[in-house]
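Keep the viewer open and follow along.

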Amino acid sequence: MEILLIGGVSDLMNAILNKLNKEGHRSYVLTGSRDFKGSYPNVYEKYNFPYDCDCLKEIFDSVRPDAVIFTGAYDSNFDWGEPRKESVRFIAGLQNVMSTFATMRRGRLIYLSSEEVYSQSFPNAITEEEATSAISFRSMALVQGEDICKNYRHTMGLDTVVLRMDHLYGIPVKERLKGERLNDNLCAKMCVEALRTGKIQASSKKVFSMLHQDDAVEFLYKVVSAEKPRQGVYHISSGEAITEMKLAELVKQEMGGSASVVDNTVGEEYRVILSAHAFEEEFGMKIFHPIAGEVAPMAKHIRRHSNFYMQEGDSGSGAMGKMKQNLVHIIKALIPFAENMVCFIPFFMLNNRAVGSAYFSRLDFYLLYVLLFAIVYGQQQATFSAVLAVAGFCFRQMYNRTGLDVILDYNTYVWVAQLFILGLVVGYMKDQLRAIRGENKREMQYLSGQLDDIQDINTSNVRLKNVLEIQIVNQNDSFGKIYEITSSLDQYEPSEVLFYAAEILSRLVGSKDVAIYTVANRSYARLFSATSKKARMLGNSIEYTKYEDMYNELKEQRVYINKNMDEDYPLMANAIYSEDQMQLILMVWGIPWERMTLSQANMLVVIGYLIQNAVVRANRYMEALESQRYIEGTKILETSAFTDLVTAYLGARNKGLTECTILQIDAAEGRQEEAAETLTRLMRQSDYIGKLADGHLYALLSNTEQKDADFVIRRFAEVGYTSRIKEGAEL
């Protein structure tokens with residue numbers, strides 16, 4: 001499936017991406033910011049655009065998602081420091097996403113909400129039919145987001161689902177919990193509060209239920225993969241009621257030290273617990289992370305990173321930080337006024353010198369001063385400079401006249417009027433030009449941004465197109481490619497098929513450590529072929545029923561996946577059946593953890609069936625020639641059949657696919673049949689006796705190194721037959 005996730009970096013986002021990657025889906029992310037610098041794990045393509053951008057349709061057309069997940073209440077792009085402003089941005093972004101999703105008319109959109117939409121106390125668990133009761137800007141924005149999804153579902157028939165998660169929490173691994181976000185994770189908030197202050201504020205009247213992040217992701221995936229959910233709204237909750245006081249006691253116990261619980265119990269009981277009955281009835285649910293067992297790892301993580309959580313916060317936070325920030329703004333605002341006053345001094349001195357000059361008496365330096373600041377700064381500074389100029393003019397006139405004469409002089413008012421009119425007009429024109437220039441600049445930035453968006457999307461589309469072309473034409477795990485590779489088994493001799501089946505399996509699953517065991521009976525299996533020493537670690541013969549975890553899966557004809565990473569088990573295994581009887585066991589050891597997915601398991605099943613076809617054909621061929629392969633009335637392979645078998649084993653041994661040892665048996669020509677009858681009882685079912693062109697009797701010991709053949713030589717000697725090891729070159 002192609003799945004588009006919309007949201008900023010967070011632990012929940014990372015958990016969702018990891019789950020989708022495990023299940024073999026392809027994930028895309030709309031980050032919500034053009035300047036995004038972080039990273040997401042296991043993402044196929046990332047789009048750095050805000051939610052309200054005009055190119056959202058192009059992104060949806062490029063991805064064509066089967067499911068869209070809007071993280072909503074858990075989106076780290078919204079910090080809710082200014083709730084009114086953030087609520088407007090939240091609704092605008094969601095509305096743009098929904099309208100774009102509506103134009104596609106395909107796939108499913110999942111909107112993540114929380115228990116915050118309920119602000120009242122409820123005596124019983126809250127069902128989906130209960131009306132919301134939001135009071136804060138944040139909770140009202142979440143409710144409006146839910147209503148948008150519901151309206152699109154009812155009016156346009158879109159497949160939208162709202163998931164309300166009950167008090168979500170998890171270990172904060174990737175993201176630092178800032179002050180305003182601690183309330184999103186109550187358990188972590190209490191741990192940090194105990195670490196910083198030594199006190200935990202709690203009330204025994206507050207009752208709620210907490211849902212672990214990993215459980216939430218599992219339930220979310222059930223909705224993503226469901227064929228058609230019955231409802232448009234679901235509650236997801238553990239259903240386990242706990243009081244704030246009880247949680248505080250658990251935190252205190254795990255945090256240790258001198259932490260104490262402060263009882264803030266007042267008023268009546270406040271109970272908010274969501275009912276997940278509808279979800280459980282439709283999808284089924286099992287809680288793997290109860291709150292009682294998760295406080296300890298949470299507290300351990302907080303204590304281990306105590307220095308990290310003890311920091312005061314980002315720069316600019318706190319009273320001193322805000323004071324410094326305000327001081328910087330004030331200084332920046334005062335700089336033009338200070339510059340104005342400093343420049344006034346030389347103009348005042350020049351004006352005084354020009355009064356008695358024959359050449360400069362007609363030059364008005366104050367007018368030039370006002371025009372200078374009107375042209376540079378605009379109306380505000382033009383007005384301020386005009387006030388300073390009038391003050392300077394009046395001060396100079398009072399050298400020879402009284403202040404009353406200056407005030408009553410008609411020429412003074414004419415001069416002041418022309419000074420202010422000219423300064424304000426020029427300042428107004430400067431402000432208008434600045435506004436026009438700024439508007440043009442913003443328009444250019446917008447158009448440039450649109451052009452960059454188109455280029456980015458086109459580049460992404462070209463890259464995706466090239467990748468998909470390569471995958472379609474030359475993909476190793478496409479069914480056509482798998483069939484092409486496994487069909488190459490047909491070119492080998494029947495006795496060689498199983499040897500090279502291991503080599504081909506290794507190539508297809510991308511592992512150097514592959515083993516194939518043949519089932520001898522209902523309990524034991526013998527190693528036939530392996531591609532490495534690690535793949536032989538279980539031994540040449542195993543009692544596979546003792547490996548209960550693996551055997552329970554194989555007997556149900558399912559692929560075994562070693563989810564616990566047990567070193568005594570292969571990472572993946574699959575059994576090949578014939579007429580309800582287990583014939584072969586394919587074991588894969590060296591594959592990366594991220595490839596141990598359902599997709600890889602399905603591919604192993606397909607490869608197993610294709611290998612089985614080649615093996616069945618080879619076995620049927622061998623059975624058809626059974627009478628021709630053995631010397632009549634004996635258990636001795638005739639020369640041509642035994643030669644082919646020895647050649648196959650030696651060729652496989654040279655390629656590291658198996659181990660074998662060949663013994664030459666000293667038996668007279670007339671006693672070879674008797675010797676074969678006696679020695680066969682001392683050998684395994686997977687060993688062979690036959691004759692080569694030199695006429696001597698030989699034994700082929702499969703999966704046996706030369707050092708292990710000494711035991712067989714001694715057993716042969718005990719019944720009166722001497723034997724020696726023969727190398728391939730000697731044969």
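## Salt bridges

R26 and E2 form a salt bridge, with their closest N and O atoms 3.9 Å apart. The two partners come from distant parts of the chain: R26 sits in strand β2 (residues 26–30) and E2 in strand β1 (residues 2–6), 24 residues apart. A salt bridge here is a side-chain nitrogen of Lys or Arg within 4 Å of a carboxyl oxygen of Asp or Glu. Helices (H or I, at least four residues) and strands (E, at least two) are DSSP runs, numbered from the N terminus. In general, side chains of opposite charge can pair when their charged atoms come close. Over the whole structure, a search finds 15 salt bridges.

Before going further, a word on the ground rules: this is a predicted model, in which local features need pLDDT of at least 70 and side-chain atom pairs count only at pLDDT 80 or more, while totals for chains, interfaces and linings use all residues. Residues are numbered from 1 along each chain as its sequence is written, and side-chain values use heavy atoms, with hydrogens and water left out.

## A network and a helical pair

Which residues does K19 join in a network of salt bridges? K19, E23 and E218 are linked in this way. Within it, the side chains of E218 and K19 meet at 3.1 Å, N to O. This pair also links distant parts of the chain, with E218 in helix α6 (residues 213–225) and K19 in helix α1 (residues 11–22), 199 residues apart. Buried means under 20% relative accessible area, exposed over 50%, and partly exposed in between (1.4 Å probe, protein chains only). By that scale K19 is buried, with a relative accessible area of 15%, and E218 is partly exposed, at 34%.

K57 and D61 make another salt bridge, the closest N and O atoms being 2.9 Å apart. Both belong to helix α2 (residues 56–63) and lie four residues apart, about one turn of the helix. An α-helix has 3.6 residues a turn, so residues three or four places apart point the same way. K57 counts as partly exposed at 41% relative accessibility, and D61 is partly exposed as well, at 37%.

How far apart are the end C-alpha atoms of helix α7 (residues 244–255)? They are 16 Å apart, which agrees with the 16 Å that its twelve residues should span at 1.5 Å a residue. The expected span is 1.5 Å times one less than the number of residues. The buried residues of α7 are E244, M245, L247, A248, L250, V251 and M255. Their cover includes α5 (186–197), β8 (199–202), β9 (206–209), β12 (241–243), β13 (260–263) and α9 (291–304), where contact means heavy atoms within 4.5 Å. After α7 comes G256, with a positive phi near 65°.

Helix α3 (residues 83–104) has 22 residues and reaches 32 Å from its first C-alpha to its last, close to the expected 32 Å. R105 follows α3 and has a positive phi near 55°.

Is strand β19 (residues 572–578) largely enclosed or open? Six of its seven residues are buried, so β19 is largely enclosed by the rest of the structure. Two strands pair if DSSP finds at least two bridges between them. Strand β18 (residues 560–561) pairs with β19 in the antiparallel sense over two bridges, and Y560 stands opposite A573 in β19.

Strand β20 (residues 581–588) runs antiparallel to β19, joined by seven bridges; in β20, I585 is the bridge partner of A575. Together β19 and β20 form a hairpin with two residues between them, and E579 in the turn has a positive phi of about 55°.

## Positive phi in loops

M565 lies in the loop between β18 and β19 and has a positive phi of about 55° although it is not a glycine. M565 counts as partly exposed at 41% relative accessibility.

H167 is in the loop between β6 (160–165) and β7 (168–169), and its phi is positive too, near 50°. H167 counts as buried, at 18% relative accessibility.
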